[in-house]
Amino acid sequence: MLTFIFICLMFGIFGKLIGLAFKMTWGITKVLFTLVFLPVILIALAIGGLVTIALPILIVVGIISLICGVARR
């Protein structure tokens with residue numbers, strides 16, 4: 001009986017830890033894409049002569065970040 005209770009509690013704790021790991025991974029992925037990959041892609045597009053594509057992407061991302069910044073206040 002104690003073994004069954006221990007196993008149930010162990011699954012509960014490790015289930016919460018796995019959920020936390022997924023949340024942290026998603027947060028790290030968002031930070032990486034925002035701070036690393038997006039600027040690299042925009043710089044590569046500008047260097048490659050595709051400013052007509054890079055500029056609208058930059059404007060859309062800027063507007064979204066401004067709206068999110070105002071919504072947090």
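Me: At what angle do α1 and helix α2 (residues 51-72) pack, and how far apart are their axes?

Reply: Two packed helices are described by the angle between their axes and the distance between the axes. In this predicted model, where local features need pLDDT of at least 70, side-chain atom pairs count only at pLDDT 80 or more, and totals for chains, interfaces and linings use all residues, α1 and α2 pack at about 150° with their axes 8 Å apart. Axes here are lines fitted to C-alpha atoms, for helices over the stretch in contact, with angles running from 0 to 180 degrees between N-to-C directions. Residues are numbered from 1 along each chain as its sequence is written, and side-chain values use heavy atoms, with hydrogens and water left out.

Me: What span does α1 reach from its first C-alpha to its last, and where is its kink centred?

Reply: Helices are DSSP runs (H or I, at least four residues), numbered from the N terminus, and the expected span of a helix is 1.5 Å times one less than its number of residues. With 46 residues, α1 reaches 66 Å, close to the 68 Å expected. A kink of about 40° is centred on F33, the bend at a residue being the angle between axes fitted to the seven residues ending there and the seven starting there. Just after α1, G49 takes a positive phi of about 90°.

Me: How many aromatic pairs does a search of the whole structure find?

Reply: A pair of aromatic rings is described by the distance of the centres and the angle of the planes. Rings of Phe, Tyr and Trp (its six-membered ring) pair if their centres lie within 6.5 Å, and planes under 30 degrees apart count as stacked, over 60 as edge-to-face and the rest as tilted. The search finds 1 aromatic pair. The rings of F33 and F37 have centres 5.1 Å apart and planes at 50°, so the pair is tilted. Because F33 and F37 are 4 residues apart in α1 (residues 2-47), about one helical turn separates them.

Me: What relative accessible area do F33 and F37 have?

Reply: Buried means under 20% relative accessible area, exposed over 50%, and partly exposed in between (1.4 Å probe, protein chains only). F33 is partly exposed at 49%, and F37 is partly exposed at 39%.

How values were computed
Helices (H or I, at least four residues) and strands (E, at least two) are DSSP runs, numbered from the N terminus.
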